[in-house]
Amino acid sequence: MTTTHLELTGVDIEFPTPSGPFKALDNVNLKIKKGEYISLIGHSGCGKSTVLNIVAGLYQATKGGVLLDGKEVNEPGPERAVVFQNHSLLPWLTAYENVELAVNQVFKGKKSKAEMKAWIEHNLELVHMTHAMHKRPDEISGGMKQRVGIARALAMEPKVLLMDEPFGALDALTRAHLQDSLMEIQNELNNTVIMITHDVDEAVLLSDRIVMMTNGPEATVGEILEIDLPRPRNRIELADDPQYNHYRAAVLSFLYEKQRKPEEGGAAKPAKEKKLAQDVQDTPEIAAVSAEETTESADKVKAA
Ligand SMILES: Nc1ncnc2c1ncn2[C@@H]1O[C@H](COP(=O)(O)OP(=O)(O)OP(=O)(O)O)[C@@H](O)[C@H]1O
Ligand SMILES: [Mg+2]
């Protein structure tokens, strides 16, 4: 539990652009332990997806690199499963068949047909999708599709689960349900997770540590906040917890005081930024990051 499992060391990346190389990341360093739940948070366009894509092996760092259990990562692999924001399911396959595809890829020749079936069903059960496992994506809701995407990733038994804004496209209530499911699953499986989010409450509720990134270009890790809240975590109880609200305020302070969004950000995505701006409005203690409670933010968490 205490040794480094995943390590990013001195990661730089430069993208070629028509106006010359664009250095998106500069000297990103991060050590993650087995079973840790890490959230990456930062303003739109700072480089969060780029970090995740480098860990996934989809992008190659220009300098530095990634080690997983001491082995260099330089291509995608099933030990690093990715869940994207827009549930990338194959539309002509049922939920079961979508998971089966990934399971075949990883376990062919290692599990019998009956074992494979049981394993697929088990993973769909973990995300509460047993009742709809023979439905196609166009027959189920967005939240259910995202559940299937998570089941598919979990079914590959990855060493690391990488999630790029997995609940970003969902309404608040569905998102809250999925967060709770994910916490339950995490309690059982103890996966190593890196999750990108724009939602401060989501980050505090789910994470062991929140990695806050500076604005780009040449973005890097700004601060790392350890979330020392006992598990299992209950969103209703935490809404009135001073420590929870202190963590929440610390993240908002980083984003809105220390890393103010540059006035004109080409890559800015208004909806996401609006969500963060709302969070700041809901957090009056942001100016003096103290352990004071905020009833407004508490109400917001309760309502989610
Ligand atoms: N393939 C690429 N070629 C050129 N530039 C890129 C490429 N991928 C990302 N970038 C640039 O790198 C920076 C970081 O992008 P990235 O997608 O990682 O940001 P992000 O933090 O995930 O943003 P968001 O929150 O909006 O998803 C941006 O300025 C982006 O334009
Ligand atoms: Mg992104």
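1. Contact between H2 and H3. In this predicted model, helix H2 contributes Ala95, Tyr96, Val99, Glu100, Val103 and Phe107 to its contact with helix H3, where the partners are Met116, Trp119, Ile120, Asn123 and Leu124. By class, this contact comprises 9 nonpolar residues, 1 polar and 1 charged.

2. Geometry of the pair. Two packed helices are described by the angle between their axes and the distance between those axes. Here H2 spans residues 95–107 and H3 spans residues 113–126; the angle is about 125° and the axes lie 10 Å apart. The crossing of H2 past H3 is right-handed.

3. Surroundings of ligand 1. The shell around ligand 1 holds 15 residues, and the closest are Phe15, Ser44, Lys48, Ser49 and Thr50. Strand S1 (4–17), strand S2 (20–33) and helix H1 (48–56) are the elements that each supply two or more residues to this shell. H1 gives the most, with 3 residues. The class composition of the shell is 8 polar, 5 nonpolar and 2 charged residues.

4. Burial of H1. Which residues of H1 are buried? They are Lys48, Thr50, Val51, Leu52, Ile54, Val55 and Ala56. Since 7 of the 9 residues of H1 are buried, the helix is largely enclosed by the rest of the structure. Lys48 and Thr50 also belong to the closest residues around ligand 1.

5. End of H1. Just after H1, Gly57 adopts a positive phi of about 85°.

Note on methods. Residues are numbered from 1 along each chain as its sequence is written. Chains are lettered from A and ligands numbered from 1 in the order in which they are written. This is a predicted model: local features need pLDDT of at least 70, side-chain atom pairs count only at pLDDT 80 or more; totals for chains, interfaces and linings use all residues. Axes are lines fitted to C-alpha atoms, for helices over the stretch in contact, and angles run from 0 to 180 degrees between N-to-C directions. Helices (H or I, at least four residues) and strands (E, at least two) are DSSP runs, numbered from the N terminus. A crossing is left-handed if the near helix is turned anticlockwise from the far one by less than a right angle, and right-handed if clockwise. Two residues are in contact if their C-beta atoms, placed from the backbone, lie within 7 Å. Ala, Val, Leu, Ile, Met, Phe, Trp, Tyr, Cys and Pro count as nonpolar, Asp, Glu, Lys and Arg as charged, and the others, Gly among them, as polar. A residue is near a molecule or strand if its C-beta atom, placed from the backbone, lies within 6 Å of it. A residue is buried if 20 or more other C-beta atoms lie within 10 Å of its own, exposed if 12 or fewer, and partly exposed in between; C-beta atoms are placed from the backbone.
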